[in-house]
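Trainee: I am new to this structure. Please show me how to read it, feature by feature.

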Amino acid sequence: MEPVLFYGVPHGCSFGSIVALEWLGQPYRLGRIDMLSPSRSEAFSKISPLGATPALLMEDGEALTESLAILQNIAKRDLGKRLGFAQDTREFDRLNRVLSFLHTDFHSAFASAWSAYKLAEDDPRREVLRELARDKAARCYSHLQEMIAGKEWLMGDTKTVADAYFVGIARWGEDLGLFDLNSEYPRLYEYKQRLEADKGVIFAHAIEDGEPAQSSGGFLGHVDLDTIGSRLAA
Ligand SMILES: N[C@@H](CCC(=O)N[C@@H](CS)C(=O)NCC(=O)O)C(=O)O
């Protein structure tokens with residue numbers, strides 16, 4: 001049985017894992033999770049005990065959570081695609097460094113702004129939380145702009161899972177109304193636009209938006225969460 005990636009809407013960080021699966025080109029299915037819904041199905045709670053996405057249900061019924069683990073799992077399925085690197089190489093260490101930065105610094109920089117998003121419009125805590133996120137994320141955007149200088153992709157001349165993960169998170173600055181990337185970080189914006197023109201990225205947007213999506217990879221359709229329980233390892 002092909003792997004199933006559970007992705008979250010709206011605009012989850014799982015976007016990067018969808019893009020990576022498209023770039024890999026091997027058969028897979030998707031499961032859709034509404035992150036704004038207060039409850040999760042029993043089957044999904046077994047797959048992802050914290051209720052978070054992404055989660056990857058693998059061929060043998062074991063579930064893998066955490067973006068970094070999932071992205072490395074996708075990359076190692078065909079190292080010839082160069083979405084990632086063999087573990088005993090310097091490139092592997094460099095990719096891990098970039099992925100860790102993207103997760104622990106960049107992704108987490110937005111946490112307080114997402115908390116603010118869930119508060120009432122007139123809640124006085126909103127602006128404090130948003131300002132905190134803006135400060136932290138600004139440092140990350142600057143660092144990323146330096147990182148991409150003179151390179152086509154984050155790891156150099158090959159697109160990797162780091163680029164896939166980046167594009168799902170970088171949009172949050174504008175989603176949350178905190179940044180205008182084009183005017184504030186023009187070189188980074190240009191890199192992001194190059195990714196936005198990629199077929200896998202266009203596909204992932206269509207999937208999130210619930211629109212007809214043209215896979216150039218191995219997308220076989222969505223799974224029904226009610227029937228997934230039988231695939232879970234004991
Ligand atoms: N440590 C996890 C965090 C994933 C995460 O933050 N997922 C968010 C979406 S970007 C989510 O599922 N939020 C909804 C929830 O936790 O209920 C990872 O890196 O995969």
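**Domains, sheet and ligand**

Mentor: Start with the domains, whose bounds come from an automatic or database domain assignment. In the protein chain, domain 1 is 4-82 + 199-231 and domain 2 is 90-196. Residues are numbered from 1 along each chain as its sequence is written. This is a predicted model: local features need pLDDT of at least 70, side-chain atom pairs count only at pLDDT 80 or more, and totals for chains, interfaces and linings use all residues.

Trainee: How many residues does each domain bring to the contact?

Mentor: Two residues are in contact if their C-beta atoms, placed from the backbone, lie within 7 Å. Here, 14 residues come from domain 1 and 16 residues from domain 2.

Trainee: In what order do the strands of the sheet run?

Mentor: Strands are DSSP runs of E, at least two residues, numbered from the N terminus. Two strands pair if DSSP finds at least two bridges between them. Here five strands make an open, mixed sheet, ordered β4-β3-β1-β2-β5. At the edges, β4 (63-65) and β5 (218-222) each pair on one side only.

Trainee: In which sense do β1 and β3 pair?

Mentor: Antiparallel, over three bridges: β1 covers residues 4-9 and β3 residues 55-57. Phe6 has Ala55 as its bridge partner in β3.

Trainee: Which residues are around the ligand?

Mentor: A residue is near a molecule if its C-beta atom, placed from the backbone, lies within 6 Å of it. Around this ligand, they include Gly8, Cys13, Met35, Glu66 and His103.

Conventions
Helix = DSSP H or I, 4+ residues; strand = E, 2+ residues; numbered from the N terminus.
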